[in-house]
Amino acid sequence: MTGSEQDPIEVPSTLVNTLVKTEQWVVMTGSGISAESGVPTFRDAQTGLWAQYDPQQLATQEAFENNPHVVWQWYQWRRELIRNTSPNPAHRALVDLQRLRPNLILVTQNVDGLHQRAGSTNVIEFHGNIHRNKCSHCQKPGPESEAAQPPNCAHCGELLRPNVVWFGESIPRVALQAAAHAIETCDVFFSVGTSSLVYPAAAMAETALTRQAIVVEINLNPTPLSSRADFALQGLAGQWLPAITDLVRAG
Ligand code: OAD
């Protein structure tokens, strides 16, 4: 099943039948859902951030200790880029789906805050939020900052860093527990715009499969999840999600 900009997309009727009958949905999103807003993904060839930058030099505690200014400035650049984007039809469709299915739990690996800007509520941020800061030492939250250099913590005086999960760090406990609880009770699990390569986020789809929830993947390209998903919808999230929303609303 494909959904390029040229082809009209057709949501399988078997999927629509399942969706109209179920209430407990979990949606896990990745950077692909924000791609149509102009936020770069991580692993797409040419355009992905990790094709151009070395994550070990920019997204680890060690990198920050060795070179706090470079890491901070890279995050300031990304913050600015994100501030200049807007939610796209895929983000907005999830807001509508949450109205149609108030039990929908939205878990995102994205740090850009675009789901919240679109109007989604109770978003579980698995990898933190790029706009927030915390202390690199005492971990206490710090204020947002547009400064060119990392500010000092008001509590301990050490440097503030972005409140995102870096390589080698744990997922925030509250987010992990809330997501795990949601998976235990879901009927349908959507994996949208993620390469399904990064754990533990990728393990959520595996748990959903083990629990025999219906697993729906929406992605421009095949991923390690595609062959095991009940529905692998290939194409733009900004096309598939609005189409699904219309059918659920009509349901
Ligand atoms: P990736 O860059 O690994 O994957 C993005 C996925 O989105 C790819 O599978 C693309 O095919 C797909 N994609 C791109 N545009 C799309 C569109 N318009 N519609 C649908 N799919 C589209 O990004 P993530 O899976 O989000 O972690 O990466 C996971 C984590 O790795 C990130 O949260 C980040 C990164 O290192 C941290 O920073 C901790």
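This is a predicted model: local features need pLDDT of at least 70, side-chain atom pairs count only at pLDDT 80 or more; totals for chains, interfaces and linings use all residues.
On the side of domain 1, the residues S31, V111 and E125 supply 41% of the area buried against domain 2, which is more than any other three residues contribute.

The size of an interface is often expressed as the accessible area that is lost when the parts come together.

## How the chain is divided

According to the domain assignment, domain 1 is made of the stretches 1-38, 87-127 and 171-251, whereas domain 2 is made of 40-84 and 129-164. The C-alpha centres of domain 1 and domain 2 lie 27 Å apart, and the contact takes 14 residues from domain 1 and 15 residues from domain 2.

## Charged and polar pairs at the interface

How many salt bridges are counted between domain 1 and domain 2? The count is one salt bridge. R132 forms a salt bridge with E125, and the closest N and O atoms of this pair are 2.8 Å apart. E125 is also one of the three residues named above for their share of the area that domain 1 buries against domain 2.

Five residue pairs are found in polar contact across the interface of domain 1 and domain 2. The residues on the side of domain 1 that touches domain 2 divide into four nonpolar, seven polar and three charged.

## The ligand and its surroundings

The ligand is surrounded by 24 residues, of which S31, R43, T194, S195 and N219 are the closest. S31 also belongs to the trio that supplies 41% of the area domain 1 buries against domain 2.

For R43, a backbone N or O atom lies 2.6 Å from a ligand oxygen, while for S195 a polar side-chain atom lies 2.6 Å from an oxygen atom of the ligand. A polar backbone atom of Q109 is 3.2 Å from an oxygen atom of the ligand. Taken alone, the ligand exposes 800 Å², and the protein buries 94% of that area.

How values were computed. Residues are numbered from 1 along each chain as its sequence is written. Side-chain values use heavy atoms; hydrogens and water are left out. Domain bounds come from an automatic or database domain assignment. Contact means heavy atoms within 4.5 Å. Buried area is the accessible area (1.4 Å probe) that two parts lose on being put together, summed over both. A salt bridge is a side-chain nitrogen of Lys or Arg within 4 Å of a carboxyl oxygen of Asp or Glu. A polar contact is a pair of N or O atoms within 3.5 Å; within protein, one must be able to donate a hydrogen and the other to accept it, and residues adjacent in sequence count only if both atoms are side-chain atoms. Ala, Val, Leu, Ile, Met, Phe, Trp, Tyr, Cys and Pro count as nonpolar, Asp, Glu, Lys and Arg as charged, and the others, Gly among them, as polar. A residue is near a molecule or strand if one of its heavy atoms lies within 4 Å of it. Accessible areas come from the Shrake-Rupley method with a 1.4 Å probe; for residues, only the protein chains shown count as cover.
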